[in-house]
Amino acid sequence: MSKALAGYGTTAGRSSRRRILRLAGAGLTMAALGAGLTGCEDESATGGRGSTPPPRPASPEPKPEDGKAPEDGQAPAPLWTKSTSADTYGDNDELVAVGGVVIASGDPLAALDGATGAERWSLPGGAIPGAPLLLGNDTLYLASGKYDGSVIGYVPASGKETWRSHLGKEYRQPRPVAVDGKQVYVIAEILEADNSSRTNVIAALNSSTGKLVWKEQRDLGTQQNGVHAAVQGRYLVYTDFKKNLTVRDTATGRQVWTQKTTKTNYGPFAVHQDLVIVPQGQKLQAFALSDGSEKWSVEAEQFTAFREPTVLDGVLYIADSGRTLWALDPRTGKKVWQSTSLKDAGAQVPRQFVRVGSTLYGATDLDEKGGIHALDVKTGTLRWTFNDTSGDYHAWLVATDGKNVFALHGKKLHALPAA
């Protein structure tokens with residue numbers, strides 16, 4: 001299985017700070033957004049304009065060797081840029097690259113050839129806004145765009161349907177949240193007699209037959225939306241807007257443990273071996289999946305907060321609101337390196353990471369001095385920043401197929417040469 005399919009964690013139906021900002025509409029000015037950021041969250045970081053890629057020449061120039069930036073430190077020109085139907089809220093699972101194609105959440109849902117940008121296939125109805133593009137078992141799992149209660153699996157390279165499941169008429173719009181080698185995990189609203197819903201269920205569906213394996217009703221007051229989930233071994237772990245961190249047994253659905261988290265609980269977390277790693281404001285904590293006991297913690301400087309963590313090739317990468325980038329050993333929390341290169345450049349904080357070779361690519365939130373940062377994976381030194389200068393209010397998203405790095409900003413999808 002390709003590395004692109006190895007990360008089974010995802011997010012379903014968010015209405016986070018980023019989503020609220022994006023739903024405000026393109027008519028908002030950057031000044032208004034800046035004011036909103038200050039009022040909404042203490043994790044924001046701002047700056048001036050980012051680096052601008054040079055216009056693509058009429059006749060192709062030689063590409064930088066090994067994906068390195070030109071000598072002047074400017075970002076490389078895109079290999080191609082395409083307008084898409086993307087409708088995203090800034091969550092990591094809304095842009096995926098797998099099977100030679102890159103797919104951005106939208107209607108229609110379109111798969112573009114990673115090398116050329118040509119359309120391979122499209123799906124009318126597309127992905128449900130806010131629902132993830134969930135990858136696993138060489139399959140792309142989607143909540144049905146027809147809102148008929150189905151969850152459907154497709155071949156990413158061709159768009160061919162290969163799997164379908166239906167939880168039941170008593171449940172409304174199940175959304176996939178995680179997948180492992182045997183099961184697809186979904187959350188759905190439980191319908192009342194008047195067609196309203198006050199509770200929801202989490203369930204496991206067999207990824208071969210589509211049959212229900214187990215289902216468990218969640219506590220009253222929990223929501224279908226705002227769930228981030230991942231599978232690690234025998235454990236399904238997820239967080240939600242009600243500040244719950246919960247672990248269930250994948251075989252039975254039995255709740256192993258649950259505990260409350262702090263205000264940053266709605267963002268993605270990381271899992272590594274037998275640990276779940278959760279940013280909680282100024283503190284980054286690792287808990288044992290087996291019993292919820294704390295195994296290590298790291299604190300940022302006073303008045304700064306950790307952003308979203310990512311584990312890549314055995315290293316945990318995370319930025320804080322003070323624009324410091326951390327590389328940690330996810331087993332122990334010990335520091336591998338710490339970089340202030342972003343702070344020195346006045347660059348915005350990345351919240352999503354991918355790695356290709358010796359380069360770590362980070363996608364930032366809003367446009368001001370942000371975009372896609374290329375960083376030295378051994379030191380965190382900023383090499384260059386790609387920004388399309390559009391001023392679009394959407395967050396940047398990044399994905400890679402190992403050959404190219406794909407940067408989505410609003411409806412513009414750019415392919416950049418990878419290291």
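**Strand pairing and residue surroundings in the predicted model**

In strand 3 (residues 95–98), Leu-95 and Ala-97 point one way while Val-96 and Val-98 point the other way, and all are buried, where buried means under 20% relative accessible area, exposed over 50% and partly exposed in between, with a 1.4 Å probe and protein chains only. In a regular strand the side chains alternate between the two faces of the sheet. The structure is a predicted model, in which local features need pLDDT of at least 70 and side-chain atom pairs count only at pLDDT 80 or more, whereas totals for chains, interfaces and linings use all residues. Residues are numbered from 1 along each chain as its sequence is written, and side-chain values use heavy atoms, with hydrogens and water left out.

Strand 3 runs antiparallel to strand 4 (residues 101–104), to which four bridges join it; strands here are DSSP runs (E, at least two residues), as helices are runs of H or I with at least four residues, numbered from the N terminus, and two strands pair if DSSP finds at least two bridges between them. Within this arrangement, Val-96 has Ile-103 of strand 4 as its bridge partner. The two strands form a hairpin with two residues between them, and Gly-99 in the turn has a positive phi of about 60°.

Strand 27 and strand 28 (residues 359–364) run antiparallel and are joined by six bridges, and Arg-355 stands opposite Leu-360 in strand 28.

Ser-290 lies in the loop between strand 21 (283–288) and strand 22 (294–299), and it counts as partly exposed because its relative accessibility is 43%. Apart from neighbours within four places in sequence, Ser-290 is in contact (heavy atoms within 4.5 Å) with Tyr-235, Val-256 and Trp-257; between Ser-290 and Trp-257 the C-alpha to C-alpha distance is 8.2 Å, although they are 33 residues apart in sequence. Asn-244, by contrast, belongs to strand 17 (residues 244–249) and counts as buried, because its relative accessibility is 13%. Its side chain makes a polar contact with the side chain of Asp-240 at 3.2 Å, a polar contact being a pair of N or O atoms within 3.5 Å of which, within protein, one must be able to donate a hydrogen and the other to accept it, while residues adjacent in sequence count only if both atoms are side-chain atoms.
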